[in-house]
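Dear colleague,

I am handing over the structure we spoke about, and below it I have written up what I found. Please have it open while you read.

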Amino acid sequence: PVAWAAVAILAQAWHQLCSGGNPPCLHIFSIPIMLAMMRPVAWACWIVSLGYGIALHVSESAPAKRPKGEVQGEPLDKRMYFLDYMPEYNFIPCGCAKCGTTAMLNFIYSRTFGHDWPYLTDADHKDIHNVFSWWWEHKRVAQFELVWDKERQKELMDSAYSMAIIRDPMSRLISSYKSKIQCDGGPGGGDPHRAAFVMQLRALQGLGETGETCLALDDFAEALHQIHKNNDARYLNDHFLPQHLGCFYTYHPGKWTKVIEIDHQDTFKLMAERFNSTNVTLPGKHSSSTKIQVSQKAYNLLKLVTAKEYEVLGKYLSRPSPVMPGAWV
């Protein structure tokens with residue numbers, strides 16, 4: 001009786017300590033139970049179960065494999081995000097970082113679920129851009145489908161309503177700089193991962209570890225220019241990746257149903273129509289009031305860096321760029 005009472009107590013401790021579902025933990029804490037039982041069959045089952053648990057844990061922790069047929073050297077954000085399809089609405093939304101995607105996804109979320117995005121603080125640890133997470137599910141049904149198959153991508157681009165959100169290229173890079181790289185804190189005190197952004201830029205530039213945790217605008221523009229000269233722009237973080245290497249890498253703007261700026265008067269009206277809605281109430285703004293002055297050097301370098309983007313997107317931009325030498329933007 002004493003032995004079996006000990007088994008019961010240990011079993012309860014096992015359940016409490018391992019309720020997080022960590023397979024190795026789950027099985028290691030079952031050792032005392034096996035010792036108490038001293039049954040060969042129990043030991044055999046435990047060994048098999050432990051092996052399976054560890055294998056499962058390792059497989060779930062391993063990086064996801066690339067789909068077959070993926071082209072090496074494709075832009076990073078293109079590999080990750082293209083093509084996001086909403087089957088219920090036959091809708092393909094796309095946009096680059098710092099083009100207004102937070103506003104776009106807020107709008108889509110509110111029209112899909114009937115209320116605004118509820119996770120408003122960093123403590124929630126929920127990113128609205130992670131559209132394949134459970135918090136984008138409605139009645140346990142995913143709202144987005146990630147389409148890798150090239151033939152199906154083509155079929156959907158020919159039949160679905162596709163909308164790509166764009167932004168003036170130089171304005172976008174300045175905005176990304178202020179948010180991710182700027183030395184004096186930038187909007188909201190700066191990104192907590194700023195040093196990592198700087199390290200990646202310097203590495204792509206070919207400088208290696210410099211110890212810098214922020215950059216002046218001229219240095220940022222110079223780094224981008226060198227990365228483009230090295231033909232490594234496709235490896236840039238999605239906040240700095242040229243727009244023609246994102247939504248338009250596979251399909252030129254002319255293949256999209258609509259290519260439009262987030263602040264265009266028709267953007268949310270057109271988007272609302274996809275959800276059979278006439279409500280064009282805009283979500284809260286996600287922008288910075290911080291302004292910096294653009295030097296002649298920074299302007300010249302950014303103009304070179306964005307030349308291809310203007311060539312591809314120029315006809316879809318509604319107004320000239322506000323980024324000029326001496327301008328505060």
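**How two helices pack**

Helices α10 and α12 are roughly parallel to each other, because the angle between them is about 30° and angles under 35 degrees count as roughly parallel. Please keep in mind that this is a predicted model. The axes of α10 and α12 lie 9 Å apart, and the crossing of the two helices is left-handed. On the α10 side the contact is made by Leu-217, Asp-218, Ala-221, Glu-222, Leu-224, His-225 and His-228, while α12 contributes Lys-297, Ala-298, Leu-301, Leu-302, Leu-304 and Val-305. Sorted by class, this contact has eight nonpolar, two polar and three charged residues.

**Helix α12 and the cores**

Which residues of α12 are buried? They are Ala-298, Tyr-299, Leu-301, Leu-302 and Val-305, and the buried residues of this helix pack against α8, α10 and α13.

The largest nonpolar core has 30 residues, and those touching the most other members are Ile-174, Ile-181, Leu-201, Phe-220, Leu-224, Leu-236 and Phe-240. Two or more residues of this core come from each of α8, α9, α10 and α12. A second, separate core of 28 residues includes Phe-91, Met-163, Phe-268 and Met-271.

**A buried aspartate**

Asp-84 is in strand β1, and this residue counts as buried because its relative accessible area is 12%, where buried means under 20%. Leaving out residues up to four places away in sequence, Asp-84 touches several residues, among them Phe-91, Val-131, Phe-132 and Glu-145.

Best wishes

Methods: Residues are numbered from 1 along each chain as its sequence is written. This is a predicted model: local features need pLDDT of at least 70, side-chain atom pairs count only at pLDDT 80 or more; totals for chains, interfaces and linings use all residues. Side-chain values use heavy atoms; hydrogens and water are left out. Buried means under 20% relative accessible area, exposed over 50%, partly exposed in between (1.4 Å probe, protein chains only). Helices (H or I, at least four residues) and strands (E, at least two) are DSSP runs, numbered from the N terminus. Contact means heavy atoms within 4.5 Å. A nonpolar core is a set of buried Ala, Val, Leu, Ile, Met, Phe, Trp, Tyr and Cys residues joined through side-chain atoms within 4.5 Å. Axes are lines fitted to C-alpha atoms, for helices over the stretch in contact, and angles run from 0 to 180 degrees between N-to-C directions. Angles under 35 degrees count as roughly parallel, over 145 as roughly antiparallel, 65 to 115 as roughly perpendicular and the rest as oblique. A crossing is left-handed if the near helix is turned anticlockwise from the far one by less than a right angle, and right-handed if clockwise. Ala, Val, Leu, Ile, Met, Phe, Trp, Tyr, Cys and Pro count as nonpolar, Asp, Glu, Lys and Arg as charged, and the others, Gly among them, as polar.
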